[in-house]
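Visitor: I would like a close look at a single part of this structure, with its surroundings described in turn.

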Amino acid sequence: MKPVKVYIPQDSAALSVGADEVALSVQERAESLNIPLQIVRNGSRGMLWLEPLLEVESKDGRIAFGPVSVEDIDALFEKKFWESREHPLCLGLTEEIPFFKKQERLTFARCGVTDPLNIEEYQKYDGFLGLKNALKMTPQAVCLEVRESGLRGRGGAGFPTGIKWQTVLEAESDEKYICCNADEGDSGTFADRMIMEGDPFSLIEGMVIAGYGVGAQEGLIYLRSEYPYAINILEKAIQIATDNNWLGDNIQGSGFSFSLEVRKGAGAYICGEETSMLESLEGKRGLVRSKPPIPALSGFMGKPTVVNNVLSLTTVPIILAKGASYYESFGIGRSRGTQPFQLGGNVKQGGLIEKAFGLTLRDLIYDYGGGTRTGRNVRTVQVGGPLGAYLGEDQFDLALGYEEMSAGGGMLGHGGVVVFDDTVNMAQQARFAFEFCAVESCGKCTPCRIGAQRGLETMDKVIAGEDVSENLNLLDDLCELMKDGSLCAMGGLTPLPVESAIRNFPNDFNSDNDSRK
Amino acid sequence: MSAFDEWSDNFATHLYEKYKNTKGALLPILHEIQDCLGCIPHAAVLHICDSLNLSKAEVDGVISFYHDFRRENDGRFEIKVCRAEACQAAGSEELVSYIQNRLSQAETQGTFRIEPVYCLGNCALSPSLMMDGKLHGRVSPERFDRLLTLQRTESA
């Protein structure tokens with residue numbers, strides 16, 4: 001009898017709530033009862049509130065059960081979960097769960113579906129199709145295809161990826177590099193981690209295409225040390241890809257060679273800034289560089305370098321597989337394609353939502369997220385990480401796109417949305433923004449290094465009720481200075497959460513009138 | 001990881017051979033030393049200066065810049081607790097107070113060290129912490145107690 005496939009994720013979010021223990025327990029029980037089950041450790045589907053999500057293959061598609069804990073295993077076996085949908089944790093077909101069904105999965109098409117380290121399965125689900133196409137094109141045509149797709153840097157800055165590639169292609173040098181920025185330090189974001197753990201070959205494929213497109217033969221992935229599982233999976237994936245000649249010399253007989261290496265970060269948030277990351281890769285303190293020169297002309301070791309975010313690179317394969325116009329057909333305005341949004345914090349149904357640009361925050365928070373986990377009212381969401389704005393209820397109808405968010409006083413960033421309920425004190429959040437900047441500033445420029453510290457002290461005075469209006473004026477001034485005078489986005493954007501909190505929630509900054517309910 | 005548990009000439013030779021062709025080798029070398037020894041001892045710093053042709057100030061500067069690197073291993077067990085916004089929204093500050101209080105009690109005093117981290121990438125299952133390289137999500141005080149007991153039995 002052919003064993004029934006049971007999927008239990010090895011994604012670190014799933015592991016953080018006991019996926020390994022569940023997998024072990026299912027395995028042991030199946031063996032002792034002599035039931036032929038084959039456990040596959042897949043990536044996560046991104047419905048993180050349902051983790052550990054156990055799936056069983058059936059003729060209609062995969063059937064989901066979740067969230068499963070070790071205590072549920074007895075009952076699941078009693079109900080014969082591998083052939084029946086009777087157990088109360090059964091959620092029906094995975095792909096019919098509304099949270100999942102409404103999504104448009106392009107970048108994350110395979111994530112959660114496949115075994116991340118099974119290279120045959122990767123190819124069965126259209127893997128390496130983009131690279132095969134690219135290798136038949138000229139490097140110039142590859143850059144053009146990426147440019148025409150409208151893909152913009154998913155790290156947050158939104159710079160057109162194809163234009164960056166074109167600059168590196170045209171730069172004359174005997175050495176060029178592809179550096180993947182996998183230093184996903186923004187709170188509220190986990191899409192890079194999820195795809196590296198759930199579909200690592202897509203990053204490898206994207207980087208080889210980038211290398212071919214611009215004429216680079218070496219790639220480095222700067223991956224934060226806080227992601228040990230992702231490091232482990234990617235290192236294995238690189239080995240497997242090398243063994244199968246998708247990396248290394250003369251890839252698939254094309255004459256093109258490319259090698260790839262993972263470099264572990266060391267806990268510095270600032271190294272997510274591209275020039276600081278390059279310094280760190282070179283073995284130095286992660287001090288931000290002045291631009292120009294831009295990394296595309298003088299990057300790693302002073303050579304022309306493509307620095308791209310994980311999501312930009314993992315999106316490249318589908319663009320080359322299905323064509324620029326297919327990808328470009330999704331989205332709104334100048335935000336083309338899809339964005340993997342990440343919904344976290346105090347939210348009932350948190351997880352990854354990949355969807356064409358243009359849906360609203362309200363869609364994300366309520367339709368997908370189902371409101372807060374605590375059941376209280378949503379007071380604010382912070383969009384785009386610790387340097388992103390705090391938006392209030394009246395801004396929830398903003399369309400999610402780069403320009404649309406900026407026009408509304410916010411920032412899309414890397415697509416992270418953190419939900420807070422009505423117990424949040426916005427003065428404390430503004431204080432934290434300065435505190436975070438003070439801890440994580442690289443210290444190179446004065447507005448950021450000293451400004452963050454002074455901002456923190458001034459916020460303490462505001463919170464203590466000391467000369468509130470005078471100190472708020474001072475903060476206003478300080479924020480202007482940090483925006484205008486900082487070398488990079490760390491100091492330049494720290495005022496965004498601070499000012500948006502003051503603007504949208506003024507009552508929290510008046511100590512006589514604590515607006516918290 | 002290499003199998004060295006103290007700084008030695010062999011360890012130094014191993015590092016030199018392994019990284020002699022690596023561009024920007026300092027971080028990988030520091031990581032490997034700390035992974036093996038729990039910290040980066042003074043003797044190792046001197047060796048790095050020689051082999052990479054760097055001044056002591058440069059190497060010390062790198063070690064002090066990054067939160068991960070330590071000059072001394074105090075033997076305490078590290079618990080990384082996320083203090084960033086997504087975890088704050090889910091009650092991490094209350095959890096931190098609970099943990100600090102719990103760890104100051106007699107039976108655990110001096111055996112654990114709590115380190116703040118800013119985001120473990122588990123923002124939909126907050127609050128999160130990392131113990132012994134293992135990530136835990138939706139950590140309540142009760143769950144923390146269970147993890148602590150488990151850890152203490154394992155390391156005993």
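How far apart do the C-alpha centres of domain 1 of chain A and domain 3 of chain A lie?

Guide: In this predicted model, the C-alpha centres of domain 1 of chain A and domain 3 of chain A lie 29 Å apart. The contact draws 5 residues from domain 1 of chain A and 6 residues from domain 3 of chain A. On the side of domain 1 of chain A that touches domain 3 of chain A, 4 residues are nonpolar, 1 is polar and none is charged. As for the bounds, domain 1 covers 4–101 and domain 3 covers 331–421, while chain A also holds domain 2 (119–328) and domain 4 (426–509).

A helix of chain A may be considered next. Helix α10 of chain A comprises the 15 residues 200–214, which should span 21 Å at 1.5 Å a residue; the end C-alpha atoms are 22 Å apart, in agreement with that expectation. Because 15 of the 15 residues of α10(A) are buried, this helix is largely enclosed by the rest of the structure. After α10(A) comes A:Gly215, with a positive phi near 85 degrees.

There remains the contact between the chains. Chain A contributes 46 residues to it and chain B contributes 35 residues. On the side of chain B that touches chain A, at least two residues each are supplied by α2 (26–37), α4 (56–65), α5 (85–89) and β4 (134–136) of chain B. The most comes from α2(B), with 4 residues. By class, this side of chain B has 20 nonpolar, 11 polar and 4 charged residues.

Conventions
Residues are numbered from 1 along each chain as its sequence is written. Chains are lettered from A and ligands numbered from 1 in the order in which they are written. This is a predicted model: local features need pLDDT of at least 70, side-chain atom pairs count only at pLDDT 80 or more; totals for chains, interfaces and linings use all residues. Domain bounds come from an automatic or database domain assignment. Two residues are in contact if their C-beta atoms, placed from the backbone, lie within 7 Å. Ala, Val, Leu, Ile, Met, Phe, Trp, Tyr, Cys and Pro count as nonpolar, Asp, Glu, Lys and Arg as charged, and the others, Gly among them, as polar. The expected span of a helix is 1.5 Å times one less than its number of residues. A residue is buried if 20 or more other C-beta atoms lie within 10 Å of its own, exposed if 12 or fewer, and partly exposed in between; C-beta atoms are placed from the backbone.
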